[in-house]
Amino acid sequence: MAGIPPQGHHADTPSVGGKRRWAEERNKAVPPGGRYCHTGRCGKDNYPITARLSICSPRSTPDMQYRTVPKTGDRLSLLGGFGGAMRLPMKGGHAIDEERATVLIHAAFDAGVNYIDTAVPYHMGASEAFVGRALAGKYRERVKVATKLPPWTTHSRNDMDRTLSAQCSRLQTRSIDYYLLHSLDRNNWDTLLDLGGVMDFLDTAEATGRIKNAGFSFHGDPETFREIVDARDWTFCQIQYNILDEEHQAGTAGLRYAAKNDLAVVVMEPSGGGMLANAVPPAAEASYAAAVVQRSPAAHALRWVMNHPEVTVVLSGMNDEGHLAENLQTARETTPHILSPDEEIMMATARDAWRQAMQVPCTGCGYCMPCPYGVNIPECFNLWNNHSLRYRGGAPKSSMQSASEGRWGMLPETPGSARPAGNV
């Protein structure tokens, strides 16, 4: 495997011009009928496997599981934080509880999480600066940071450069590891293409080292997804995916198409904005109760996503210590294709129960806020769904509402700008 950079060493990651060459050299070194091991956990760089993006057999270790970005060799933690840094612990309304959030994030990093996602509008524009402070010092070299270019505030080629410069300043870094075009759908994609220069912006930013890897997050239709994948030699993409999204937005077909094109896939909304973890219909509860190994609904939802070999990183909105501990354990033990046939049936039964009962597929992302008529749209949908799902909480607020409060703090839109199409 001469010429292929060691895994896990960011400084050895190939330049944009060498990504495709790196992937080609990697695959040539594998015997016919095999594929390169994308994890490096077995210590055999040319270990032949037949499943694309597969992982070696799990070891008896508490270590974080890592999966490898096909075009660069970067090894990223299967669990990423923190649902886009848009669901951090809060205090006093929409303000980030920085003391608690910093402790939580550092605990995740110390446990092996090495990928954190943020964006301009999260937490009323405070997310990027907070992440920059949390990463300062020893963590910046250990953790890959991702942020995004917002199409709805981008009106020229110069805006792109100004936005990136401001983001580097807020994040206290000279280079963004993973940079995404934010929330692409048909409208936002066309808006950026019509402006002109977006591909030149990404190419120049990569060539000058201001960003290391270019990608996009997506909330549109399957046809638009394939078009965007084919439009550039992207390193990665980010899609919404859970048991309710197999045929929604990019869906399973999009997940597989991205992997076929050697894109790393970052998954957002693995628990549907918290609904799959909290608003559990009786039929799904009964299915989970019959499982051989008892797990929380959140763990079942996360395992289902992580079971897919095409998935590289799963972003989870962890805003308390219990969420982090459980999700770390799930990420450590869930390898591709680990679900048994009985577990697959269990998850299909749970999926059908949600689909039958839920009224609207709202994740509580808050991108529809603020409503010009003062309506709390996410909570209206939340109450409607919870009533239909016969949610039996007992708490003064549902978990979805609590999680959503921090996410409704989006920066105001500029006049005439496009509203984000979805979450993260």
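The following conversation goes through a predicted model, from its confidence to selected contacts.

User: What kind of model is this, and which cut-offs apply?
Analyst: It is a predicted model in which local features need pLDDT of at least 70 and side-chain atom pairs count only at pLDDT 80 or more, while totals for chains, interfaces and linings use all residues. Residues are numbered from 1 along each chain as its sequence is written, and side-chain values use heavy atoms, with hydrogens and water left out.

User: What is the mean pLDDT of the chain?
Analyst: The mean is 79, and 73% of the residues reach 70 or more; pLDDT is the predictor's confidence in each residue, from 0 to 100.

User: Where is the pLDDT below 50?
Analyst: One such stretch is residues 1-17, which has 37 contacts in the model beyond near neighbours in sequence, a contact being heavy atoms within 4.5 Å. Residues 391-424 are also below 50, and that stretch has 106 contacts beyond near neighbours in sequence. Where pLDDT is low, the predicted coordinates should not be read in detail.

User: Moving to the helices, how do α12 and α14 cross?
Analyst: The axes of α12 (residues 297-306) and α14 (residues 341-357) come within 11 Å and cross at roughly 115°. Axes here are lines fitted to C-alpha atoms, for helices over the stretch in contact, with angles from 0 to 180 degrees between N-to-C directions. Helices (H or I, at least four residues) and strands (E, at least two) are DSSP runs, numbered from the N terminus.

User: Which residues of α12 and α14 meet there?
Analyst: H300, A301, R303 and W304 in α12 meet E343, M346 and M347 in α14. The residues of this contact comprise four nonpolar, one polar and two charged. Ala, Val, Leu, Ile, Met, Phe, Trp, Tyr, Cys and Pro count as nonpolar, Asp, Glu, Lys and Arg as charged, and the others, Gly among them, as polar.

User: How many salt bridges does the structure hold?
Analyst: It holds 21 salt bridges, each defined as a side-chain nitrogen of Lys or Arg within 4 Å of a carboxyl oxygen of Asp or Glu.

User: What separates R186 and D190 in α6?
Analyst: They are four residues apart in helix α6 (residues 186-195), and therefore about one helical turn. R186 is partly exposed at 30% relative accessibility, and D190 is partly exposed at 28%. Buried means under 20% relative accessible area, exposed over 50%, and partly exposed in between (1.4 Å probe, protein chains only).

User: And what does the pair E246 and R355 tie together?
Analyst: E246 lies in the loop between β10 (236-240) and α9 (251-260), and R355 in helix α14, so the pair ties together parts that are 109 residues apart in sequence. The closest N and O atoms of this salt bridge are 3.9 Å apart. E246 is partly exposed at 25%, as is R355 at 39%.

User: Is R351 buried or exposed?
Analyst: R351 is buried, with a relative accessible area of 19%. R351 forms a salt bridge with D352 (3.1 Å, N to O), and D352 is partly exposed at 38%. Elsewhere, salt bridges that share partners join R157, D161, D200 and R210 into one network.

User: What is phi at S183 and at E269?
Analyst: S183, a residue other than glycine, has a positive phi near 55°. S183 is in strand β8 (residues 176-184) and is buried at 0% relative accessibility. E269 is not a glycine either, and its phi is positive at about 60°. E269 sits in the loop between β11 (264-268) and α10 (275-278) and is buried at 2%.
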